[in-house]
Amino acid sequence: MSSVLAAFRDAYTNALRTHLRAPNQTTLAEGYELGRRALVEGVSILDLTEHHFRILEQEGLLPAPHGGDRGEDALEFLLQTMAALDVATRGFLDGTRRYEQQRSRADTLAGRDAFRTALVESLQDGFFVVDSAGTLIEVNTAFGALTGYGADGLPYPLPHPWTVEEAPRYPDLGTDAARFVMPIRHRDGRRLWLAVSTNSLVKPENGERIFVGTIRDVTAEHDAQARDQAASRLATAVGAATSVVEVLTVGLEELRRAVGAEAAVVSVWPNRHTGPELYVSEDTPPDLAEARGAPPAETRGAQSAESRGAHSGNGTARRAADRLAIPQSGGETRQVLDARARALLDRARLRPGRTMFAIPEGSTSSEGIVAPLGETGDSALWLRFAAPRVITPGDWALFSLLVGHLSLAVQRARNFDQARSTSLTLQRAMLGPIELPPLFSVHYEPALPPLEIGGDWYDVVRLEDGTMGVVVGDCVGRGLSAAVVMGQLRTAARALLLRGAGPAQLLAELDTVASRIPGAMCTTVCAAILDPVRGVVRYSSAGHMPPILAEPGTHGRLLEGGRSVPLATFEPPRRPESTTAIAPGSTLVLFTDGLVEQRGVDIDERFVELADELTGAAGQLPREVADSVLSRLRPTGGYDDDVAMVVYRQPPEPLHLDVPADAAELSGIRRALRTWLASAAVPHDTAVDLVAAANEACSNSIEHAYLDSKPGRVVIAADCGLDNLTIEVTDGGSWRPLPEDPGHRGRGIAMMRALTDKLEIDHSGPGTRVRMSVRLPAVSFSAGGRM
């Protein structure tokens, strides 16, 4: 028995007994309410009737049964009769209750659907529902306004009509529960960016997974962010550039990629009398790129950092040298610019700054844009699109921002170029141009580029008695402050050399000068006087690195004599001085400590490396010796201190060859002469001319001098001074004058005269003597390089 039925029976028992004791309308009303309660609580009529008779029996209100169980039988019969009625009544009541419930639910759902529809339509964001196949089956009015595809076109299966095919792959609407931003193509052709938010649901009736989401137009925010990022990338790319060439080399490539242009061209007019120079960055198709010699598409993206690696798609990032000063008549320029484009650039450069216009003007679809660059009216920019396109207000804002950044970078680079040019002019004036005999080579490398000078210095001075004064010094510190001290000490040292001071006297007097110059204390200096004729060097060192002397075929050795303390430290009693012989063909190197000092390496090891590198110096020009020394000793990270170096080559012993007058000897003569000229520090071009002239003189002697006699000999002699070099070719045969019509031959003498400064032929005595001489050219040199 259920608790509901038990409670009902208790209530009925109490009510019935109350009624039997005192029947009235109130007790009957209570019975009526109990009947309604039975209907609501689903109490069976059979249960109610049985319970009613049980109560009467307990109260003794029923007559005693006759015949045994006849009363029970009668009750059973009554109950059986009312069973069908009871079932029908309860079925009707249950049906009525279910009907009421369903009607109530239907009314609720109808109201809820109306409310949901009103709510969805009131959203400012686009609303969509996507089925499990990715097909949009429901959208609101805002969705249609944002995309151009409204409810009248439903359903929208995959691929959705607003998908941008050329964009990077984004999730399709309703294929993933996520939040993301994606580009779309509006029905009218506009490109928009939408913020998408989707969630997945499962339909309870069939378990199907669907997606519900919203979209919001964030094109303005995306364009603003894209502009900021593009401007930041461009500013970063050109931030380290210090010249117009560097700015345009990297800036054009970044600008072209940021605006999606096929080509970016800047035309610069250096002056009014010449045509423009072109700086080009273009997106080159693979077949054309390979035809121009560019690397294949699969390798172009791996170009070196020197080329700036600015590569996108099939675009070719050419090196700066390939972009500059492209002649207007060249094939490259014809492929990039036609006459109309050049005229547009010429017109654009004269427009006010920060203005730009689309081409063709007045058209709704533009091929590109043209704008002046900078504020000086001498350059203009042209951006060419791959296909005509509509330029939106957002595009104009982006173009204006990027072109403005590039213009500022160009102007800054021009200002930097001008300041650097002025600075370098002043720096070079501090050292001043000097002329070096070919017996010398110098190298200067400041530790703080782009400065061309620092605290180290050198000087080579030709003295009146034919000797050469050499000074190498190193001030404390680096940069311009040290350069100021250096300039004063160098000027004083040069004046002392020209006045005739020897090495020790020069340093002693520099002590006084340095003591009166702020920052000059502890400067180290090595001064030397070279006598090429006598083959000696006098030198004195004020705390400086010892020179190294390498005789032909031997290791270099340190010249450690004449050493004393740096300048202006305290007054020594006298500065010492040493004299050392320099064998013919020897190489002398004077240098500052930046060449041999390296963190973590014993300086003695560096001296050993330097001495070893000079073993083969006799067969090299002084310039080649400097290059090999710098290459051998250069640390991995480069020199971290100023380096000044002077290389001197003592003239070799005169060359003397006495060979048979045989053509087979010519190759040996040429080889021996080339080796000797190299040891004499004769420049390569001059050496080639001299070998050719000497070969012609020897050929004449071999071919003509001994035609009527036994074969004789040919003597070749060569001697080198500080400025002049002579070669003599002598034979003991007969002189044969040049015929009036030598034909295709007989031009040897004219060739020898053309290849030398002076040609003398003496055939007055026995045999012939051909004397050829040249004046060895001095080399002009200024700071910031080596010669």
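P155 is located in the loop that connects α5 (141-147) to β3 (179-185), where helices (H or I, at least four residues) and strands (E, at least two) are DSSP runs numbered from the N terminus. The structure is a predicted model, in which local features need pLDDT of at least 70, side-chain atom pairs count only at pLDDT 80 or more, and totals for chains, interfaces and linings use all residues. Residues are numbered from 1 along each chain as its sequence is written, and side-chain values use heavy atoms, with hydrogens and water left out.

Most residues other than glycine have a negative phi, and most peptide bonds are trans. Against this background, the peptide bond from L154 to P155 is cis, with omega near -5°. A cis peptide bond also joins L158 and P159, with omega about -5°. P159, too, is placed in the loop between α5 and β3.

For C522, phi is positive at about 70°. This residue, C522, belongs to the loop between α15 (503-515) and β15 (524-531). With a relative accessible area of 36%, C522 is partly exposed; buried denotes under 20% relative accessible area, exposed over 50%, and partly exposed the range in between (1.4 Å probe, protein chains only).

A681 likewise has a positive phi, near 60°, although A681 is a residue other than glycine. The position of A681 is in the loop between α18 (666-679) and α19 (684-705). At 2% relative accessibility, A681 is classed as buried.
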